[in-house]
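Me: I have a structure to go through. Could we take it step by step?

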Amino acid sequence: MRPMARVTIIGGGPGGYEAALVAQQLGAEVTVVDRDGLGGSAVLTDCVPSKTLIATAELMSDMTLARDLGIHFRDHQGDPATELYADLGVVNKRVKSLALAQSSDIESRLARRGIRIVKGTGRIDADKRQVIATWTEDDAEEAIESDAVLIATGARPRVLPTAQPDGERILTWEQVYDLDELPSHMIVVGSGVTGAEFASAYLNLGSQVTLVSSRDRVLPGEDADAATVLQDVLERQGMNILSKSRMESVSRDGDEVTVRLTDGREVTGSHCILALGSIPNTEGLGLEEAGIELDEGGFIRTDKVSRTSAYGVYAAGDCTGGFMLASTAAMAGRIAMRHFLGDAVIPMDLKEVAANVFTAPEIATVGYSQAQVDSGEVVADTLRLDLKGNPRAKMQGITDGFVKLISRPGTGVVIGGVVVGPRASELIHPITLAVSTGLTVDQIANTFTVYPSISGSTAEAARRLHHVE
């Protein structure tokens, strides 16, 4: 009888716990060494908390349309009620409660499957093919014999010497959930996905928001048309966006925070969120001693089946860089275990990854981008269809957003798409299916959609691409 394979996973985020479930399903003996709680930062301090906060902000944003749709509020005396406000203490209590509950659910699921969970830190001893686990309670060590190791240790917010968070007024995106009062003026430094999401959320929750962007627009890495729509909406709602402005330092004086820019200007507010990118958690793991290659940023280099440069060692998630999404981390972890344990495996194809920016409006993308078409990297037809002409959008008071399809000329095979609007994260799925399965615009156009529906714009865009010469 073939002996049971032993798999040890360092890190319990999406890349780690999803890999553990697959490995156990395929017959391996699985140990997860986790320091902070199952679900990792995605569940405890990043994705789940931020999207819960954003869900509240989204509801606040929707409520601003109430008057236009004929809905009015009255107080208990029958007088018109004109003010909405968010109780951030209650909001954040719910945020943290949901995050802890999700982490507990994941831990219970692994335990029911017989997966061993070690609450501590781990490092690799490559010579002995072991993971050395250090228990968090008393620093006791255990050597765990392993046939394969998966590293899924994630990443943490990047900070600078001149902008040190204090957890009260100067914050990383992991520290905002301890606030019990809504900031009067939130300064967000960084206009990438994280910065844009928090800026949009706090704006809709009722804070004055200033966004400091070193580039000429928000979301410089996203579709330019989509970013333009978002920036127009944010500025229309009162956000102060400082484009081509680079932060030099952040300081605090009592209840006041000052962001100094490199051109000498200063911005003063009540709070500041630093959204300056991420640093991989790859120190102290014994990676270099094990012959595992890192890139210049300290991220672990992997191939399309999650292998590192060391035999039997895989890596998944934010510690590998690239698309730093919970969905790609989970997929990379599953692929790693299927590859090691001999199951059928399809290498990761980043062109099939759907990504979403949870701003208001949301921005969802998949496949090849408009920038790649414009640069000549890929030859394609593109068509943008604004939502303002969609009948369901008119009914719901939606005036901003669009659907964009990108297809091969001649064949009409869909190779990319963008959706901007409410719930774009849901609306991108049929385009993702088209990209991953090689559907054509005619196949999309000839598939029934509900009337009226926002998704009808995807079919209409496809019909119009049929006529592109």
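Me: Which residues does Lys51 touch, leaving aside its neighbours within four places in sequence?
Reply: Lys51 is in contact with Glu197 and Phe358 once those neighbours are set aside; contact means heavy atoms within 4.5 Å. Please note that this is a predicted model, in which local features need pLDDT of at least 70 and side-chain atom pairs count only at pLDDT 80 or more, while totals for chains, interfaces and linings use all residues. Residues are numbered from 1 along each chain as its sequence is written, and side-chain values use heavy atoms, with hydrogens and water left out.

Me: Where does Lys51 lie?
Reply: Lys51 belongs to helix H3, residues 47-63. Helices (H or I, at least four residues) and strands (E, at least two) are DSSP runs numbered from the N terminus.

Me: What does UniProt say about Lys51?
Reply: An unreviewed UniProt entry places the feature "binding site" at Lys51, Gly122 and Asp318. These positions span 268 residues in sequence, and their farthest two C-alpha atoms are 29.7 Å apart, so they do not all gather at one spot. UniProt annotations may be inferred rather than shown by experiment.

Me: Is Gly122 buried or exposed?
Reply: Gly122 is buried, at 9% relative accessible area, whereas Lys51 is partly exposed at 22%. Buried means under 20%, exposed over 50%, and partly exposed in between, with a 1.4 Å probe and protein chains only.

Me: And where is Gly122 placed?
Reply: Gly122 is in strand S3, residues 116-125. Beyond its neighbours within four places in sequence, its contacts include Ile10, Val33 and Leu285.

Me: Which sheet order includes S3?
Reply: Seven strands form an open, mixed sheet in the order S5-S4-S3-S2-S1-S6-S17; two strands pair if DSSP finds at least two bridges between them. Strands S5 (141-145) and S17 (313-315) stand at the edges with a single partner strand each, so one side of each has no neighbour in the sheet.

Me: How do S2 and S3 pair?
Reply: Strand S2 (residues 29-34) pairs with S3 in the parallel sense, over four bridges. In one of these strands, S3, Ile117 is the bridge partner of Val32.

Me: New topic: how much space lies in the second largest pocket?
Reply: The second largest pocket holds about 730 Å³. Of its 25 lining residues, the closest to its centre are Asp62, Leu65, Gly397, Ile398 and Pro422.

Me: Which element gives the largest share of that lining?
Reply: H3 does, with three residues.

Notes: 1 Å grid on protein atoms, 1.4 Å probe; cavity = no way out; pocket = protein on both sides within 12 Å on 5 of 7 lines; lining within 4 Å. Points joined across faces, edges and corners; volume = space filled by probe spheres on them.
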